[in-house]
Amino acid sequence: MILPLTIKFISINRMKPCLSIIKLIAFLTFLVGCQKKERVDPCPQAGAFVRELKEAVGTVYYDSTAATYGIQVATSMDSADMGLTCNLPVDYQKPMTQVRFTGRYYEREKRITGPVGYRFYYLTVSSIAPL
């Protein structure tokens with residue numbers, strides 16, 4: 001009778017480190033899942049949400065008509081998406097700067113005529129880095 005109790009006692013003691021590790025993993029999973037994700041509000045004049053860009057590569061430009069900066073993303077050899085920004089960090093407000101960014105395109109209320117193949121949006125930038 002003593003032998004089975006000894007074996008049971010040993011197996012429970014071996015399980016304690018595993019249970020501690022499982023509790024730690026569960027806690028870390030909960031902690032990571034509860035982190036607040038940064039939300040960037042769209043430009044005040046922006047229309048409906050169009051799409052999100054992740055790690056896109058583009059070129060900063062200055063729009064003299066709107067008196068603000070934007071990021072141009074080439075979509076083919078002769079077309080591009082032009083995102084007029086309202087929250088571009090000052091460090092990146094230099095025309096012809098190559099950047100990698102994440103952001104969201106929104107419709108522009110006022111249609112802009114430009115070269116064929118160019119689409120114009122409002123762009124809110126959530127992260128940006130130089131190339």
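Good morning. Cysteine 43 and cysteine 86 form a disulfide, with 2.2 Å between their sulfur atoms. The term is used here for a pair of cysteine sulfur atoms within 2.5 Å. A search of the whole structure finds one such link. The torsion about the S-S bond is -100°, and the link of cysteine 43 and cysteine 86 is left-handed.

The model is predicted: local features need pLDDT of at least 70 and side-chain atom pairs count only at pLDDT 80 or more, whereas totals for chains, interfaces and linings use all residues. Residues are numbered from 1 along each chain as its sequence is written, and side-chain values use heavy atoms, with hydrogens and water left out. Helices (H or I, at least four residues) and strands (E, at least two) are DSSP runs, numbered from the N terminus.

How do the two cysteines compare in accessibility? Cysteine 43 is buried, with a relative accessible area of 3%, whereas cysteine 86 is partly exposed at 38%. Buried means under 20% relative accessible area and exposed over 50%, with partly exposed in between, for a 1.4 Å probe and protein chains only.

I now turn to the barrel. Five strands close into a barrel, in the order β1-β2-β3-β5-β4, and the pairing is mixed. From one strand to the next the twist averages 50°; for such angles, axes are lines fitted to C-alpha atoms, for helices over the stretch in contact, and the angles run from 0 to 180 degrees between N-to-C directions. Two strands count as paired if DSSP finds at least two bridges between them.

Which sense of pairing does β5 show with β3, and which with β4? Strand β3 (residues 79-85) and strand β5 (residues 118-130) run parallel and are joined by six bridges. Within this pairing, alanine 80 stands opposite tyrosine 118, and the bridge partner of leucine 84 is tyrosine 122. Between β4 and β5 the sense is antiparallel, over eight bridges.

Proline 115 lies in the loop between β4 and β5 and is partly exposed, at 48% relative accessibility. Between proline 115 and alanine 80 there are 9.4 Å in space, C-alpha to C-alpha, and the two are 35 residues apart in sequence.

Next, threonine 102. This residue is in strand β4 and is buried, at 11% relative accessibility. Its opposite number in β5 is serine 127. A polar atom of the threonine 102 side chain also lies 3.2 Å from the backbone nitrogen of glutamate 55. A polar contact is a pair of N or O atoms within 3.5 Å; within protein, one must be able to donate a hydrogen and the other to accept it, and residues adjacent in sequence count only if both atoms are side-chain atoms.

Glutamate 55 itself is found in strand β1 and is partly exposed, with 48% relative accessibility. Its phi is near 55°, a positive value in a residue other than glycine. Alanine 67 also has phi near 55°, again positive in a residue other than glycine. Alanine 67 lies in the loop between β1 and β2 (68-76) and is exposed, at 51%.

Finally, the aromatic residues. The structure holds three aromatic pairs. Among them, tyrosine 62 and tyrosine 69 pair edge-to-face, at 4.9 Å centre to centre and 65° between the planes. Tyrosine 62 is partly exposed, at 41%, and tyrosine 69 is buried, at 18%. Tyrosine 105 and tyrosine 121 form a stacked pair, with 4.5 Å centre to centre and 20° between the planes. Tyrosine 105 lies in strand β4 and tyrosine 121 in strand β5, so this pair ties together parts that are 16 residues apart in sequence. Both tyrosine 105 and tyrosine 121 are buried. For these pairs, the rings of Phe, Tyr and Trp (its six-membered ring) must have centres within 6.5 Å; planes under 30 degrees apart count as stacked, over 60 as edge-to-face and the rest as tilted.

What sits over the ring of tyrosine 122? The charged end of arginine 108 does, 4.9 Å from the ring centre. The criterion is that NZ of Lys or CZ of Arg lies within 6 Å of the ring centre and within 35 degrees of the ring normal. Thank you.
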